[in-house]
Amino acid sequence: SQANLEEGGQEQPAVEHWKTLMPSEGSKEEPETGSQDAGGADETQSTEQLNVSRLRSSSVEIREKGSEFLKEELHKAQKELKLKDKECERLSKVREQLEQELEELTASLFEEAHKMVREANTKQAASEKQLREARGKIDMLQAEVTALKTLVITSTPSSPNRELHPQLQSPSKTVFRKGHGRNKSTSAMVSAASHNVTPEPVIHERKEVDSILFAEFQAWKESPTLDKSCPFLDRIYREDIGPCLDFTKQELSELVRVAVEQNTLTIEPIASQTLPVVKVSAEESGGPKKCALSGLPRTCKHRIMLGDSGKYFYISPSCRARITAVCNFFTYIRYIQQGLVRQDVELMYWEVMRLRREMSLAKLGFYPIEM
């Protein structure tokens, strides 16, 4: 009962009161006190039961209210979760759309970049092709200019180049084209000129290609060069160029050969040179009556200059013919090397043979009268 009273809490003062009123052991009123104690205990027990029932009812009520509150909170959380799910779904759709747009934009940029690279490569290839064509044209024009310069240098008033001056061709070689009529005056002039000119004997000759020489020329024609070590030029140097430029003055002969190979030799007539008023600084070797190459007393009508040295050497007509023959040969093979000769291989071969024959005749002392 004391434990129950301690649990109740509200009946504690009653217990203390009962303890103070308890008599001593020798008292006679002990039974009455016991009866009173039993009645108070019953009353305390009922009070405690009432309190427990109240506590139980209040705890049930608290539980019900707590469950309702938790349900409301759960319902709110579920609503917020649904809103969050909808927001996440919307954001995921936006992300997917942005990723798709980004991929499309990246693909279009790469395609545009590849297109620009292709166009740039095409333009570069076209520009390089135009550059190569322009360089080829420039090289061709430079070669033509060099050839024209060579023709102009080899054409002098005393010995004009007939290719540059077609009016100097003999009337017997004049060709009348088909479809063009001739008037009587022209025929009369040609016939009169033909009576005044001494007819030259017509020489009929046959030609036969030498297989060894032709093979050497064909091999050289495939890759034309001015290197004297190739079989074609080596033979011509030994058989024609060397003997043709072998003069008495060996040292000057070597200088002349080098100038001819490098295309830096200048031949000019003496009569066409006007002497300046001031003293001429160029040193002249030989003289009008002595050849600088042969050392013999000859009437010199021309003089040569090696490069830009400004030093002149008088030469005889025979020496000039020999030098001119070699220069003509080098000029022709340079034309072939530069691609300016548009002829058949056999025709080019016979032209080379003709130039070799001129070198051989010049070496033997034969030269035209106008020399």
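**View 1. Surroundings of I323 in the predicted model.** In this predicted model, I323 touches L245, F247, V256, V260, L265, I267, L293, I304 and I315, a list that leaves out residues up to four places away in sequence. I323 is also one of the residues that touch the most other members of the largest nonpolar core, together with I241, L265, L293, I304 and F329.

**View 2. The largest nonpolar core and the elements that build it.** This core holds 49 residues, and the elements that contribute two or more residues to it are the helices α5 (211-222), α6 (231-244), α7 (250-261), α8 (317-337) and α9 (345-364), along with the strands β1 (265-269), β3 (302-306) and β4 (312-315). The largest share, eleven residues, is supplied by α8.

**View 3. Packing of α5 against α9.** In passing α9, α5 makes a right-handed crossing. From α5, the residues L213, F214, F217, Q218 and K221 meet V345, E346, M348, Y349, V352, M353 and R356 of α9; the residues of this contact comprise eight nonpolar, one polar and three charged.

**View 4. The chain as a whole, for orientation.** The chain contains nine helices and four strands, which follow one another from the N terminus in the order α-α-α-α-α-α-α-β-β-β-β-α-α. Of its 371 residues, 23% are buried, and among the contacts with a separation of 6 or more, 66% are between residues 24 or more positions apart.

Notes. Residues numbered from 1 in each chain as written. Predicted model: local features only at pLDDT ≥ 70, side-chain atom pairs only at ≥ 80, totals over all residues. Heavy atoms only, no water. Core = buried A, V, L, I, M, F, W, Y, C linked by side-chain atoms within 4.5 Å. Buried < 20%, exposed > 50% of the residue type's maximum accessible area, 1.4 Å probe, protein only. Contact = heavy atoms within 4.5 Å. Left-handed = near helix turned anticlockwise from the far one by under 90°. Nonpolar A, V, L, I, M, F, W, Y, C, P; charged D, E, K, R; others polar.
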